[in-house]
Amino acid sequence: MQQNICSEGLYRFLNALQAECATEEELISGLSTAMEGIAQELGIGYMALEVWSPSSILEPKGRSGNMVIYECPDNYDVDGYVRTKCFKTGNNGTATFTVMPRRGLKWNDSEERIILLLEQSIMAYAGRLRIGNLLERSLRCDNLTGALNTRGLMQYGGRLCAQRRIHEFTVVFMNLKNFKYINTRVGDRVGDRIMTEYVRKTQEFLNAEEIIARPGGDNFVILVKNERIEEYLKFAAVVPLTLALESGEYMDFEMRAKMGVYPANEWDTMNEVMNAASVALNVARRHRRNQDVVWYMPQMLEQTMHSRAILNAFPKALSKNEFSVCYQPKVDVKTQRLYGAEALVRWVRVDRIVRPQEFVSVLEQEGMICQLDFYVFEEICKTLRDWLDNGIEPVRISSNFSKLHLSNERLLEQILAIMEKYRIDSKYIEIELTEMSGEEDFAKMAEFIACLHEKGISVSIDDFGTGYSTLNMLKELNVDVIKLDKSFLDHLERGERADHIVIKNIINMVQELEIAVLAEGVENKEQLEFLKNMKCEVAQGYFFDRPLLKEEFEIRLKDKDIYVKR
């Protein structure tokens, strides 16, 4: 006895479910034709599926939509019987089927069970497809923020390159400013939420073809349509965020970034695009103070190759003592007697002298400047000991230390160990710190300065007025000397009254805090006379002397009135 347990219509429907599909929408679309047989057998006039899911890491915007699986036009009654069935999905979402019989028909219990089987079958196959897609998406996406990861970025960009559409986009390689400080201040958990919220806000700004990717850390890559790049750069200049804390309070942040920008060409590969944007970002990061956005130019690649050559040559050059220390005199403005000196480093290679502008910023960006700073500091202490042993009374010498040292918990210990090695009194040493370009290391710097003072070591802040200059910084850091950046004196050449007023008030303000003021870059007598009138204590610049070799500077030490006699 034969029994037909699967009709032709049901067979065609189940077979269609197993077809190769890329998305759930594609699966549902393919079912429309396959439903014809089973729909006639069961008298189905209309079947639709409405899906909804909340936002998540892999789907930041959530999901909602209504898909018609089958419809027999004009053969079902909208106001008649409607069957609905809601399924819960694994991501706290819902999938709701709406099914209507053909006009004049009514289903019995057996037909209702078969319709339920159809719905369950669709859910099973769609769910499997969705899980596969989410798994694939998880391989292409950053687990923390939901942005594309490097793999997802290269896949998406690679498709654009293959389609010869990459030239429709501008690539922005960016690094969030001060995020390390924010993480330290609020903790990793809140820091992660800030990062996620930043990505969410950016995704809201981007259109369907534009993407944000997170290669790692606080770095992001954005692909923006060419016609929207200026709008995006304006958006990304300051991105305000507000987070609700567990305490019920709200915390506001303003996220800024350094950005390297590259408008892609039609025949670019994705590697070429990424390399160009990365090169531009590196240039932006070297311009720490006032240039957050840098557009790629071909000569930057040559500069990058030069930087790599510097980095490759540096370790060997350090071991071979290719670096020499020069001393630029500091002069008392009122008496014009020798007051002190700043130690400056020169790289003397076999074929030429490498200027500090060529290597200092490169070494700092890669964190290698710390080795050079200690090399210079030891040379200073060695020279001071030599002068003292030969009966030459030194002046205080300032030694530059990058703010990168602040992450070194043994920094003070290492400085004191070198001083002890050469038996150098603290009165001969001044530690010169570059002014911060942001607030990220403020607390560490304040703590370090306090420790130096406990050991009797003076501290100066270099390039004052070009970075994170605030009254609070002056008050809290309690430094001994503020060095006015050379740009202040350069502006005097314009002869504008406003420039005079600004410098005068800065000097007055600093002195009222009982901090000495040193003016850098004094190049002519007019500038010196201006500083005298402003009661600036100390000056440094080519008007007095260029940076001098040890032997040349010894002459100044033996006759500290040498500048008075000029």
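This is a predicted model: local features need pLDDT of at least 70, side-chain atom pairs count only at pLDDT 80 or more; totals for chains, interfaces and linings use all residues.
Q: Okay, so where does Asn178 lie?
A: Asn178 is in the loop between strand 5 (169-176) and helix 5 (179-186). Its phi is positive, about 65°, although Asn178 is not a glycine.

Q: Is Asn178 buried, exposed or partly exposed?
A: Partly exposed. Its relative accessible area is 26%.

Q: And Gln336, what about its phi?
A: Phi of Gln336 is near 60°. That is a positive value in a residue other than glycine. Gln336 sits in the loop between strand 12 (323-332) and strand 13 (338-348).

Q: Why call Gln336 buried?
A: Because its relative accessible area is 15%, and buried means under 20%.

Q: New topic. Which way do strand 8 and strand 9 run?
A: Strand 8 (residues 239-244) and strand 9 (residues 250-255) run antiparallel, joined by six bridges. Ala244 stands opposite Tyr250.

Q: How many residues are between the two strands of that hairpin?
A: Five. Gly248 is in the turn, with a positive phi of about 95°.

Q: Last one: where is Ser460 found?
A: In strand 17 (residues 458-464). Ser460 counts as buried, at 0% relative accessibility.

Q: What does its side chain join up with?
A: The side chain of Glu430, through a polar contact of 3.0 Å. Leaving aside neighbours within four places in sequence, Ser460 is in contact with several residues, among them Ile431, Leu433 and Val481.

Notes
Residues are numbered from 1 along each chain as its sequence is written. Side-chain values use heavy atoms; hydrogens and water are left out. Two strands pair if DSSP finds at least two bridges between them. Helices (H or I, at least four residues) and strands (E, at least two) are DSSP runs, numbered from the N terminus. Buried means under 20% relative accessible area, exposed over 50%, partly exposed in between (1.4 Å probe, protein chains only). A polar contact is a pair of N or O atoms within 3.5 Å; within protein, one must be able to donate a hydrogen and the other to accept it, and residues adjacent in sequence count only if both atoms are side-chain atoms. Contact means heavy atoms within 4.5 Å.
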